[in-house]
Amino acid sequence: KFQDQFYYRSNSNHTRFTFSDIIGSSPAMQAAIQQAKKVSSFTSMPILICGETGTGKELFAHALKEET
């Protein structure tokens, strides 16, 4: 079960988020961010993001889209 406290920087100029907007302190969150960055290079592959409510799936989705 993946649980972490994470925060994102508020930026009223846009509604998209990048990986630098996701701030996590745990090793698990840092590993998830690094893995997502690696996966973002495979633009032709669909990516399924799973997780409990409030775990930051939408932030990761925006960051992946911005990265490609």
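Colleague: What should I know before I look at any residue?

Modeller: This is a predicted model, in which local features need pLDDT of at least 70 and side-chain atom pairs count only at pLDDT 80 or more, while totals for chains, interfaces and linings use all residues. Residues are numbered from 1 along each chain as its sequence is written, and side-chain values use heavy atoms, with hydrogens and water left out.

Colleague: How do I read pLDDT, and what is its mean here?

Modeller: pLDDT is the predictor's confidence in each residue, on a scale from 0 to 100. The protein has a mean of 78, and 76% of its residues reach 70 or more.

Colleague: Where is confidence lowest, and where is it highest?

Modeller: Strand E1 has the lowest confidence, with a mean of 49, and helix H1 the highest, at 90. The pLDDT is below 50 over residues 1–7, a stretch that has 21 contacts in the model beyond near neighbours in sequence. A contact is a case of heavy atoms within 4.5 Å. Where pLDDT is low, the predicted coordinates should not be read in detail.

Colleague: How are helices and strands assigned, and how many are there in the protein?

Modeller: They are DSSP runs numbered from the N terminus: helices are H or I with at least four residues, strands are E with at least two. The protein has two helices and two strands, in the order β-β-α-α from the N terminus on. Among contacts with a separation of 6 or more, 54% are between residues 24 or more positions apart.

Colleague: What does "buried" stand for, and what share of the residues counts as buried?

Modeller: Buried is under 20% relative accessible area, exposed is over 50%, and partly exposed is in between, with a 1.4 Å probe and protein chains only. Of the 68 residues, 26% count as buried. The protein exposes about 5100 Å², of which carbon and sulfur atoms supply 53%.

Colleague: Which residues form the largest nonpolar core?

Modeller: A nonpolar core is a set of buried Ala, Val, Leu, Ile, Met, Phe, Trp, Tyr and Cys residues joined through side-chain atoms within 4.5 Å. The largest one here has ten residues: Phe17, Phe19, Ile22, Met29, Ile33, Ala36, Leu59, Phe60, Ala63 and Leu64.

Colleague: What does Ala36 touch?

Modeller: Ala36 is in helix H1 and is buried, at 11% relative accessible area. Leaving out residues up to four places away in sequence, Ala36 touches Phe19, Phe60 and Leu64. Ala36 and Phe19 are 17 residues apart in sequence, and their C-alpha atoms are 8.8 Å apart in space.

Colleague: How is an aromatic pair described, and how many does a search of the whole structure find?

Modeller: A pair of aromatic rings is described by the distance of the centres and the angle of the planes. Rings of Phe, Tyr and Trp (its six-membered ring) pair if their centres lie within 6.5 Å; planes under 30 degrees apart are stacked, over 60 edge-to-face, and the rest tilted. The search finds one pair. The rings of Phe19 and Phe60 have centres 6.4 Å apart and planes at 70°, so the pair is edge-to-face. Phe19 is in the loop between strand E1 (6–8) and strand E2 (22–24), while Phe60 is in helix H2, 41 residues apart. Both residues are buried.

Colleague: What is Ile49 in contact with?

Modeller: Ile49 is also found in the loop between H1 and H2 and is partly exposed, at 31% relative accessible area. Leaving aside neighbours within four places in sequence, Ile49 is in contact with Lys57, Phe60, Ala61 and Leu64.

Colleague: Where is Thr68?

Modeller: Thr68 is in the segment after H2 and is exposed, with a relative accessible area of 54%.

Notes
Areas by Shrake-Rupley, 256 points an atom, 1.4 Å probe, with all protein chains shown as cover.
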